[in-house]
Amino acid sequence: VLVCTYGVDMSASGEYVKTLNAISTYFQKYSVKQYSGNTSTGLQTAMTGKNVVLFPRQTSNTDSHYSSYSTVLNTFITNGGNVILCGSSPSTGWNRPFTTGLFTGSWGGSTSSFSITNALPNDSIIYGLGMSTFTAPVNTNYLTVTISNKVSVGNVSGFDVVVYRPIGTGKAIFIGSEFTNPSSAFSYIIS
């Protein structure tokens with residue numbers, strides 16, 4: 001797993017640690033490489049030999065570089081890689097599912113304590129969760145994804161909370177949790 005850490009809270013109580021802890025709750029057989037830069041050339045080099053690129057919640061720095069990632073990420077996914085974009089606050093990083101060119105649509109907002117519908121319980125992203133609904137923890141982001149080949153596996157009132165898009169032989173995945181307060185359901189989904 002390549003974890004893009006530019007602007008991510010790397011402290012012991014930050015989203016970097018919390019996101020990796022969430023993954024490790026259900027899946028431990030992975031190794032992590034960090035990429036702390038913000039150039040497409042650096043990202044492309046860092047992705048070599050990786051299967052997954054993970055973008056945890058961004059809390060600082062600028063987010064203008066995401067548009068330069070579009071070609072690199074699309075090529076990576078087309079060739080079988082998976083890119084996971086976690087939810088991010090409306091101040092920084094919130095628009096990256098769209099500025100990366102991986103999705104079309106708009107940011108819907110942030111919620112907590114709402115019931116998320118497990119729309120496709122047999123889909124590989126959410127299979128085995130064992131719940132028809134699960135509760136959104138604090139700072140769960142939702143989108144309105146308009147691209148025609150989206151697969152919305154978790155939604156609230158028609159908004160996409162867990163959604164992916166197949167591209168070639170890989171997937172672009174949005175998971176609305178910022179992992180500020182990870183729930184067992186979101187921990188399962190990200191693993």
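This is a predicted model: local features need pLDDT of at least 70, side-chain atom pairs count only at pLDDT 80 or more; totals for chains, interfaces and linings use all residues.

Biologist: Why is Asn61 called partly exposed?

Modeller: Buried means under 20% relative accessible area and exposed means over 50%, with partly exposed in between, for a 1.4 Å probe and protein chains only. The relative accessible area of Asn61 is 45%, so Asn61 is partly exposed. Its backbone deserves a remark too, for the phi of Asn61 is near 70 degrees, a positive value in a residue other than glycine.

Biologist: What makes Asn118 and Asn155 either buried or exposed?

Modeller: Asn118, whose place is in strand β6 (residues 115–118), has 7% relative accessibility and therefore counts as buried. Asn155, in strand β9 (residues 151–156), has 18% relative accessibility, and so Asn155 counts as buried as well.

Biologist: Which residues is each of them in contact with, leaving aside neighbours within four places in sequence?

Modeller: Contact means heavy atoms within 4.5 Å. With neighbours within four places left aside, Asn118 is in contact with Ile126, Leu129, Met131, Ser132, Thr133 and Val153.

Biologist: Where is Thr71, and why is Thr71 called exposed?

Modeller: Thr71 has its place in helix α3, and its relative accessible area is 60%, so Thr71 is exposed. The buried residues of α3 (residues 70–78) are Ser70, Val72, Leu73, Asn74, Phe76 and Ile77. These buried residues pack against α2 (40–46), β3 (52–55), β4 (82–86), β10 (159–167) and β11 (170–175). After α3 comes Gly80, whose phi is positive, near 105 degrees.

Biologist: How do you know that the protein is as compact as a globular protein of its length?

Modeller: There are five helices and 11 strands in the protein. The radius of gyration, taken over C-alpha atoms, is set against the globule rule, which is 2.2 Å times the number of residues to the power 0.38. The protein has a radius of gyration of 15 Å, close to the 16 Å that the rule gives for 191 residues, and therefore it is as compact as a globular protein of that length. Of its 191 residues, 50% count as buried.

Biologist: What makes a space a pocket, and what makes it a cavity?

Modeller: On a 1 Å grid over the protein atoms alone, a cavity is a set of points where a 1.4 Å probe fits but cannot get out, whereas a pocket is an open set with protein on both sides within 12 Å along at least five of seven lines, and lining residues have an atom within 4 Å of a point. Points are joined across faces, edges and corners, and a volume is the space filled by probe spheres set on them. The largest pocket has a volume of about 460 Å³. Of the 18 residues that line it, the closest to its centre are Val52, Ile84, Ile189, Ile190 and Ser191. β3, β4, β11 and α5 (184–190) each supply at least two residues of that lining.

Biologist: How many cavities does a search find, and which residues line the largest?

Modeller: A search of the whole structure finds one cavity of 30 Å³ or more. The largest cavity has a volume of about 60 Å³, and its lining is made up of Cys4, Tyr6, Val8, Gly37, Phe55, Pro56, His65, Tyr66, Tyr69 and Arg96.

Notes
Residues are numbered from 1 along each chain as its sequence is written. Side-chain values use heavy atoms; hydrogens and water are left out. Helices (H or I, at least four residues) and strands (E, at least two) are DSSP runs, numbered from the N terminus.
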